[in-house]
Amino acid sequence: MRRALQVAVTGPDPARDAAPAGGAARLGEAADDVPVGAVVYGPDGTELAVGRNERELAGDPTAHAEVLALRRAAERLGRWRLDDCTLVVTLEPCTMCAGAIVLARVAAVVFGAWEPKTGAAGSLWDVLRDRRLNHRPEVYGGVLEAENSAVLRAFFR
């Protein structure tokens, strides 16, 4: 979670991580994006990919941290199925991201701050554990909740 929090606050490290959609030189422009960070870990704990919200930077309503991290992890692995992978994200996923997580067959989701307005992992909805769906990842919420919430509160001030 601390790595996801680092990505949320400082953005991806161009020397270490895949460049954001707008390119590493534009990372400073991401200051208008809500600071949410996500990391996908492989079955052996290896970091596969990271993502930070880039909706404003990319002008893309689907450029949520989770979706970007999932896309990059799939690209790195050369397959869309991310079974046995873990997604760590600083904020409870929304319905779009929860749907992408289910479709990618992610094994586990760990998130920090709860999102009572749009959360789809137990707050408003519980898409990730919906028994009607063909895949249900393990879900662990509230990890480093105070630290993650503080970053979001500071952003919205």
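Leu144 is partly exposed, with a relative accessible area of 23%. Here buried means under 20% relative accessible area, exposed means over 50%, and partly exposed lies in between, computed with a 1.4 Å probe and protein chains only. Leu144 sits in the loop between strand 5 (138-140) and helix 5 (145-156). Helices (H or I, at least four residues) and strands (E, at least two) are DSSP runs, numbered from the N terminus. Leu144 is not a glycine, yet its phi is positive, at about 50°. Most residues other than glycine have a negative phi.

Asp84 is another residue with a positive phi, about 70°, although it is not a glycine. Asp84 lies in the loop between helix 3 and strand 3 (86-91). With 54% relative accessibility, Asp84 counts as exposed.

## Basis of the model

The model is predicted: local features need pLDDT of at least 70, side-chain atom pairs count only at pLDDT 80 or more, and totals for chains, interfaces and linings use all residues. Residues are numbered from 1 along each chain as its sequence is written, and side-chain values use heavy atoms, with hydrogens and water left out.

## Overall layout

The protein has 5 helices and 5 strands. Read from the N terminus, its elements follow the order α-β-β-α-α-β-α-β-β-α. Of the 157 residues in the protein, 50% are buried.

Contact means heavy atoms within 4.5 Å. Taking contacts between residues at least 6 apart in sequence, 58% join residues at least 24 apart.

UniProt lists Glu66 under "active site", in an unreviewed entry. UniProt positions are given in the numbering used here, feature names are shortened, and annotations may be inferred rather than shown by experiment. Glu66 belongs to helix 3 (residues 65-77).

Is Glu66 buried or exposed? Glu66 counts as buried, because its relative accessibility is 4%. Leaving out residues up to four places away in sequence, Glu66 touches Val36, Ala38, Leu87, Val89, Leu91, Pro93, Cys94 and Cys97.

## Helix 3 against helix 4

Two packed helices are described by the angle between their axes and the distance between the axes. For helix 3 and helix 4 (residues 95-103), the axes come within 9 Å and cross at roughly 20°. Axes are lines fitted to C-alpha atoms, for helices over the stretch in contact, and angles run from 0 to 180 degrees between N-to-C directions. Helix 3 and helix 4 are therefore roughly parallel to each other. Angles under 35 degrees count as roughly parallel, over 145 as roughly antiparallel, 65 to 115 as roughly perpendicular, and the rest as oblique.

On the helix 3 side, Glu66, Val67 and Leu70 make the contact, and on the helix 4 side Met96, Cys97, Ala100 and Ile101 do. Sorted by class, this contact of helix 3 with helix 4 has 6 nonpolar, no polar and 1 charged residues. Ala, Val, Leu, Ile, Met, Phe, Trp, Tyr, Cys and Pro count as nonpolar, Asp, Glu, Lys and Arg as charged, and the others, Gly among them, as polar.

## Helix 1 against helix 5

The axes of helix 1 (residues 2-10) and helix 5 come within 11 Å and cross at roughly 5°. That makes helix 1 roughly parallel to helix 5. Arg2, Leu5 and Val9 of helix 1 meet Glu147, Asn148 and Val151 of helix 5. By class, the contact of helix 1 with helix 5 has 3 nonpolar, 1 polar and 2 charged residues.

Phe155 is also placed in helix 5. Phe155 is partly exposed, at a relative accessible area of 28%. Phe155 and Val9 are 146 residues apart in sequence, while their C-alpha atoms are 9.9 Å apart. Beyond residues up to four places away in sequence, Phe155 touches Ala31, Asp32, Asp33, Val34 and Pro35.

Gly142 is found in the loop between strand 5 and helix 5 and counts as partly exposed, at 24% relative accessibility. Gly142 and Val110 are 32 residues apart in sequence and 8.2 Å apart in space, C-alpha to C-alpha. Not counting residues up to four places away in sequence, Gly142 touches Phe111, Gly112 and Trp114.

Arg129 lies in the loop between strand 4 (108-113) and strand 5. With 36% relative accessibility, Arg129 counts as partly exposed. Apart from neighbours within four places in sequence, Arg129 is in contact with Ala121, Gly122, Arg136, Pro137 and Val139.
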